[in-house]
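Reader: I have not looked at this one before. Can you take me through it?

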Amino acid sequence: MEFSDRTPKDMSPNPISEALSRSGSKPFLDLMNSNPTQCEFDYPQTLLEPLGLPHSLVYEPLSFGSEAAREALAGYLASKGQKVKAQNLLLTASTSEAYSYLFKLLGNPGDSFLIPSPGYPLLEHLLRLEGLKAIPYPLKVAANWPLELEKVERAITSRCKGLIVVNPNNPTGCFLSPNDQSAIIKLCEKHGLAYISDEVFSDFAYPPFSLSDCTNSQGLSFRLGGLSKSLGLPQLKLSWVAMEGPEEVLKESRERLELIADTYLSVNTPVQIALKELLQFAPDFQKEVLSRVSSNRLILERNLKEVKEVKVWPAQGGWYALVEITKQEVLEEALIIELLEKHQVFVQPGAFYDFPSGCFLVLSLLGPANLFVEGVSRLKKALSGL
Ligand SMILES: Cc1ncc(COP(=O)(O)O)c(C=O)c1O
C-alpha cells in the first residue's frame, strides 16, 4: 500500500518515545505537562453552564462563525488593545485548523512558509500536511532570541508565500522586539509575503507586553489566538484568526476563506453561543496562570542557580522554561532518557524544537507547586551529578 508524503515515510518511534513507552508502568513525574485542565487551576463549577443553553439545539451553519460570537470576541480583543472588526474575525476549531485554512488560502503544493527556529514543532507538520515546505529562519542564540534579519531575507525564495512569527515564541518565551517586528513586516511587504503572527501565549507576558498592530500595508496579516491558552480550555475547540490588510485584498481573502471554512464548518454551536460569557473568565484564569508560571520560574531559577554549567534562560512570557546544559560532552537525547529512567522525571529535548546545537531541556511551568518542586529537585539532583 502506498501512502502520501504528507505523513513521514518512517513512522517508527524515536528513542525518547521508546523510553516513554518502556516507562509506562513506572510512574514518572511529567515536568512537561502543559495541559491546563490537568494542572489544578481554579475553574469555576458554573463555567460550562452557558454551553447548555437551549438555543444550542439549533444548528445555524455560518462559515466564519456566528456574528454574536465574533462581536463578543472583537470586544475581548479590544480590551487587550487589539482593534479588529468582527467581520475580519474567522472562528476555527483550533489554532492548528486556523493555520491549515491559511495554508490552503495562500500556498500551492510545493510552496513554502518561513518558520522560526527554534520554534513550535507542529508548524512543520502542519505545512507538510498541506503539501507545503517549512523554511526555518534562525533566531540568534542570545538574550531575547533576536532575529538575524539578513539570514531571514536570504532564506526567502520565489515560492515563499508567508512568514510566521510566534509571539511570544514557544519554547523560548520571548517576544519579537518592536524593531524586529517592524523589520520583518517590511520584509513581508518587500517580498509579497503574508505575515502570520501566532499570539496564543500573548496573554501570559511578564511584565505585560503590548503587541503592536500589524501594518503590512501591501499585503495580508493574520493574528492567531484561541481559548486553549487564553482560557485554558483546549477541549472547547475554539480559536480565531484576525485579519488585516488593504481593503480590496482583505475582501477577497475573506471570500476565499469563507469557501474554505464552509467546506468544513467545524466550530461547534454551543461554544459560539457561550463565548461572550466564557470570555469573562479570562482575567481570573490569566492572573492565576501568570502567578503559577512566575513562582515556578523562581523555584527553577533558585534551584538550578548553584548547579555548575547549567543555565536557566530568561523569558518574557508563555508557559515554558528553557534549561541549557553548557557542559561540553553532555548529549541531549541520552540525558533525557537518563532523566526519565534513572530519576523518573520527564522533560523535552531542545531537538524537538529545532535548536541549532547544544543541549537544551524544555519544561512546562504550569504544574502545581508541589509536583513542580519535586520535579525540579529530581532535575537538580540529576544535573548536579553530570
Ligand atoms: C505556538 C503555539 N501555537 C498554537 C498552539 C496550538 O493551539 P490549539 O490548541 O489552539 O491548536 C500551540 C500549542 O501548544 C502553540 O504552542
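Reader: What separates the centres of domain 1 and domain 2, taken over C-alpha atoms?

Author: The distance is 27 Å. Domain 1 covers 15-42 + 283-384 and domain 2 covers 49-281, with bounds from an automatic or database domain assignment. This is a predicted model: local features need pLDDT of at least 70, side-chain atom pairs count only at pLDDT 80 or more, and totals for chains, interfaces and linings use all residues. Residues are numbered from 1 along each chain as its sequence is written.

Reader: How many residues of domain 1 are in contact with domain 2?

Author: 24 residues of domain 1 are in contact with 24 residues of domain 2; contact means C-beta atoms, placed from the backbone, within 7 Å.

Reader: And which element gives the most to that side of domain 1?

Author: Helix 10, with seven residues. Helices are DSSP runs of H or I, at least four residues, and strands are runs of E, at least two, numbered from the N terminus.

Reader: Switching topic, which residues surround the ligand?

Author: Among them are S94, T95, S96, Y120, N170 and D198. The shell has four nonpolar, seven polar and one charged. Ala, Val, Leu, Ile, Met, Phe, Trp, Tyr, Cys and Pro count as nonpolar, Asp, Glu, Lys and Arg as charged, and the others, Gly among them, as polar.

Reader: Last one: how many helices and strands are in the protein?

Author: Twelve helices and 13 strands. The C-alpha trace spans about 60 × 50 × 50 Å along its principal axes.

Conventions:
Near = placed C-beta within 6 Å. Contact = placed C-beta atoms within 7 Å.
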